Each structure stands twice: as C-alpha cells, then as structure tokens.
Amino acid sequence: MTSPENSPVPSPSAPVLALLLDVDGPVASPVTRDVQPGIIADLLALAAAGVPVVFNTGRSDAFIREQVMEPMIAAGIPAGTVIHAICEKGAVWFSYTAEGPGPVHVDHSLAIPQSFGDDVRRLVAEDYAAHMFYDETKRAMVSVEQHIAVASPDYRAEQELFDADAMELMVRHGLGVVRLDHHVPDSDDQVDFRVDPTIISTDIESVRLGKDLGASRAVELLAAQGITPQAWRTVGDSRTDYAMADWLHHNDHAVKHVDVRPADGIPVKPYEVLTAADLGLGEDVIHDDAGAAFLHHWLAVVTG
C-alpha cells in the first residue's frame, strides 16, 4: 500500500493515513492526566485534512469525554468530522462530533462481576486510599489509579501489594486470574481475567480485552463509514500497545508503530517501529511530548 510520503491525493473513503492512539502517555500526560492544547489543535487539523482519528485506550468513556472530547469541541471540531473512541481496551466505545457524543456501547459479556468490583472498592477504601482511588467511571473493567500527588516510587510499592490482594480476592470469588507470569486458574482450570499493572494504575479485566480488540473495533467503525485507510499509524507507551499494530499487520493493513516510551526496549516486529529519535529528537522526549511531535510531523506530511 502507498505511504503518506508519496501518496496520491486522498479520497474521503481511502485516506492516506489513519491514526490509532493510546491516550495515557502519547496524548494525555501521565503526570497531570490532561492534554496539551497543541495536541488538541493538531488532532483537529489532522481530522480536517481527512485523517481518521481513533482513540484506543484503557480509559473510561467519561475520561475521554472530559479530557479529550470537550477540549476538541471547544477548539472547534470540523463540520462532518466523526472521532471514534474505543475505551476499556475494547469493551466500551462511542463516537463524537462537534455536536457532542453519540451513544455509548458496552460489551457486557466482557465485564467483571459486580460483586468483585464492590470488594475491590472496599479494599481500596480500607487499605490503599492514601495512594490510589477506585475508578467509578469504568463500565466493564475494574481499575484503581494513582493519586496525582503521590510520588511514583511510593505508588509502585503500594501497587505491588494491592495487585497481590486483588488476585487473592479473585481466587475467593472463584475467578481464574493472571498477572504477568503468575497464573491462578479457577476450579475449571480456566483463566478468564487478568490483573494488568501500568505506570499509574492497575486494570482488572477480561483476558479477551486488549489493544488488538480495540484495533479490530477501529477498523469496523471506519468500515461502517465506508472508510478504508491506505495506511495506519499506531501510537503507544507500553509493550501492550504493540498489539494494535500486531493486529493490523496480521490482517494485512499497512502499519507503523510509534513507541513514545522506548526505554522498556523495542521488540522485533515485522513492521517498522518509530521513536522520537526518528524525528531527530533526544531520548528525553517521551510520552505526550513525543506524541505531540509525531502529530505535528504527520500534519506537515499530509498537508504538504
């Protein structure tokens, strides 16, 4: 497929580029949780240039509405532009325009049992409230998140303890669970859920959720609009984000992946992996600063 660098004039149904963006890290600061105005401006300019913008995040739809959608609407979403948001790693999704959000869709077959969520809420309130909070906005996952005022090393130490307690809770609920390489199957020798720690949170979720499911939903959402991009750029800040590009490549879509936090190490992939160094930037340019640089670069490419 053609790359945006040497492509013909795009058509609305076959844009030269589509963006599939993790939110925490590449778009929203993992420190402040908000989005730089320059990122909002470039996302809008890319959308106005005909580049589909799709968010693929573990965040809730409420977070996307408040931190991403509302600033984009305030800055002026182009008429006729539809932005898609795939939340909770594929369990929840919605779309929005300049007029606001459409209906929120939830795949309830991927939801954590409510009784387990209630127990995690109590666990956080009783033992971990000084370092983290229970995310009340999630519809399918159970998530706890670091308080902004808590130092990262302090949070990470408490996170290890919380994750162990959460796994014990899952066992008491008869739920099979995995955390990293630690597998605890249920009575039927099944592992249906995972405890997934990130640098600012822990997500407890169905093992069927992931950035690959989000990529599949993104392709479906664009196809429903009659849009088949010529190429994709996926952007993330963790190893799990590579699943976006993995799925797209496996399903014969041209894709390059951007890693905005490559210090974890870049795995060998059958597609090109980019970092801020490819834009001539230093190793200290990471997270949303790297995301902002790539958005600005792509805007320059597609607008000539």
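Predicted model: local features only at pLDDT ≥ 70, side-chain atom pairs only at ≥ 80, totals over all residues.
## How helix 1 and helix 2 cross

Two packed helices are described by the angle between their axes and the distance between the axes. In this model, helix 1 covers residues 37–48 and helix 2 covers residues 61–75, and their axes come within 10 Å of each other while crossing at roughly 70°. Angles of 65 to 115 degrees count as roughly perpendicular, and helix 1 and helix 2 are therefore described as roughly perpendicular to each other. The crossing in which helix 1 passes helix 2 is right-handed.

On the side of helix 1, the contact is made by Ile40, Leu43 and Leu44, while helix 2 contributes Val68, Pro71, Met72 and Ala75. Sorted by class, this contact of helix 1 with helix 2 has 7 nonpolar residues, with no polar and no charged residues.

## The largest pocket

The largest pocket has a volume of about 930 Å³. It is lined by 42 residues, of which Asp196, Pro197, Thr198, Ser238 and Thr240 are the closest to its centre. By class, the lining of this pocket has 22 charged, 11 nonpolar and 9 polar residues.

## Which elements line the pocket

Several helices and strands each supply at least two residues of the lining of the largest pocket: the helices are helix 4 (152–172), helix 5 (211–224) and helix 6 (242–250), and the strands are strand 8 (142–146), strand 9 (177–179), strand 11 (193–197) and strand 12 (201–206). Strand 11 gives the most to this lining, with 4 residues.

Conventions. Residues numbered from 1 in each chain as written. Heavy atoms only, no water. Axes fitted to C-alpha atoms, helices over the stretch in contact; angles between N-to-C directions. Parallel < 35°, antiparallel > 145°, perpendicular 65-115°, else oblique. Left-handed = near helix turned anticlockwise from the far one by under 90°. Contact = heavy atoms within 4.5 Å. Nonpolar A, V, L, I, M, F, W, Y, C, P; charged D, E, K, R; others polar. 1 Å grid on protein atoms, 1.4 Å probe; cavity = no way out; pocket = protein on both sides within 12 Å on 5 of 7 lines; lining within 4 Å. Points joined across faces, edges and corners; volume = space filled by probe spheres on them.
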